[in-house]
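Here is a chain to look over.

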Amino acid sequence: MEGLDIRKGEQVALVGPNASGKSRLAAAFAGRSGAKYITFRDSYGSYGDRNFFMQQRWNLFTLEDDPPTAGEQLRKEALSGDDPQAALRRLDELTALFGLSPVLDEPLVTLSSGELRKFQLTRALLGGPEILVVDNPFIGLDPRTRALLTRLLAKLAATTTLVLVLSRAAEIPPFVTHVIPVADGVAGEKVPREAFLDAVLPPAVIRMRGVTIRFGERVILDALDWTVRQGEHWALTGANGSGKSTLLSLICADNPQAYACDIELFGRPRGTGETIWDIKRNIGYVSPELHRAFQVDAPALDIVTSGLFDTEGLFRHPTEEQYACARRWMGEFGIEELVEKPFLRLSSGQQRLCLVARAFVKNPPLYVLDEPLHGLDEAQRRRVKDLLDRFCGAPGKTLLMVTHYPEEYPSCIDHSLTL
């Protein structure tokens, strides 16, 4: 390809600070190579759409003429091309890909920023370009919409070469294969994505390359590439049976298949002499499986304190300082009155709070919380969510959280992985 060094099959990010010249380079590349170029300058869309998002948006019901719907605008553009039938077929494919059907009959000026983003991508792709340059794709989007757009772009990358123009390294999505840094209007040397991120971002806590897990003929994880960096907060989602529990078992040193996979935990490849206890001491963990298996009829204080030693129950005598630490955490979670009560005689919700406190008691660098709010009433859920934001959102703390209820995620969540 002309201009920037971008080859077929690569997905590239141009990354540089404000005023570095990356947008100018991207636009010039698009002009020379015949790529389709689309830019987002604010939360409402590209500069070319400004007429839709000034007075028209706020005076929708006072307009004399009916404003165009999203579907009408897209069909109009499809029919204006050199091959209208091909463009209409492409429109149907893109509508399905981006989930646009519910808003096709809505006036274009009423679309949300996320819906508009999908509309504009669809319009840019109607002609079937081999290369799409997207400038500032995530600007103005909330975390959930950014995650959705990332998944949509990843699907698009299967058939189209994408060039993303970004200001922050942390915004580079996983499907990007290479990064071209830009400074003072000059494009630097193209480097693999992971090499670039390792140089500019915090260290990787978890790194998986091509991880595949099978049980018999059933494939649970299929060639998974995933990197979690220090200080990131991930939502892990997926239907029942999608592999979430298997993935967590690889991280928490509970799955022997980890030794046959390319996995690094806390900067060290699995199978290089580390023990499972070396791994577990860095992780605060709670899950439904742990809860079901935890049949230790000891005082609740002992259950929480056992988190300091990664054991189910106490097999050594804690110091007064360690007991005091456990009491403090029980106080944080509002269960200090349970200190002397036997664990197996507590309600399911009280037991879950004890196990969540147990995950926090050693102040680990990585929290792995699988359904931590399961069985809790509304007041307890709010309390735990606030604590997750308070402690997991601290600098350097990394969080992986699983729940089937999006409203349970704390506000500190900034990344997502869907299996």
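What follows is a short exchange on terms and values.

This is a predicted model, where local features need pLDDT of at least 70, side-chain atom pairs count only at pLDDT 80 or more, and totals for chains, interfaces and linings use all residues. Residues are numbered from 1 along each chain as its sequence is written, and side-chain values use heavy atoms, with hydrogens and water left out.

Q: What makes up the secondary structure of the chain?
A: The chain has 14 helices and 16 strands. Both are DSSP runs numbered from the N terminus: helices are H or I with at least four residues, strands are E with at least two. The C-alpha trace spans about 80 × 55 × 45 Å along its principal axes.

Q: Why is T227 called buried?
A: Buried means under 20% relative accessible area, exposed over 50%, and partly exposed in between, with a 1.4 Å probe and protein chains only. T227 has 16% relative accessibility, so T227 counts as buried. T227 is found in strand 9. Leaving out residues up to four places away in sequence, T227 touches E194, A204, I206, R207, E232 and W234. A contact here means heavy atoms within 4.5 Å. In the chain, buried residues make up 50% of the 419 residues.

Q: How do you know that strand 8 and strand 9 pair?
A: Two strands pair if DSSP finds at least two bridges between them. Eight bridges join strand 8 (residues 204-215) to strand 9, and the two run antiparallel. One partner pair is I213 and L221, the latter in strand 9.

Q: What makes the largest cavity a cavity?
A: On a 1 Å grid over the protein atoms alone, a cavity is a set of points where a 1.4 Å probe fits but cannot get out; a pocket is an open set with protein on both sides within 12 Å along at least five of seven lines. Lining residues have an atom within 4 Å of a point. The structure holds one cavity of 30 Å³ or more. The largest cavity has a volume of about 30 Å³, a volume being the space filled by probe spheres set on the points, which are joined across faces, edges and corners. Helix 6 gives the most to its lining, with four residues.

Q: What lines the second largest pocket?
A: The lining has 22 residues, of which D254, K280, Y285, L290 and R358 lie nearest the centre. The volume of this pocket is about 380 Å³. The lining divides into eight nonpolar, six polar and eight charged residues. Nonpolar covers Ala, Val, Leu, Ile, Met, Phe, Trp, Tyr, Cys and Pro; charged covers Asp, Glu, Lys and Arg; the others, Gly among them, are polar.
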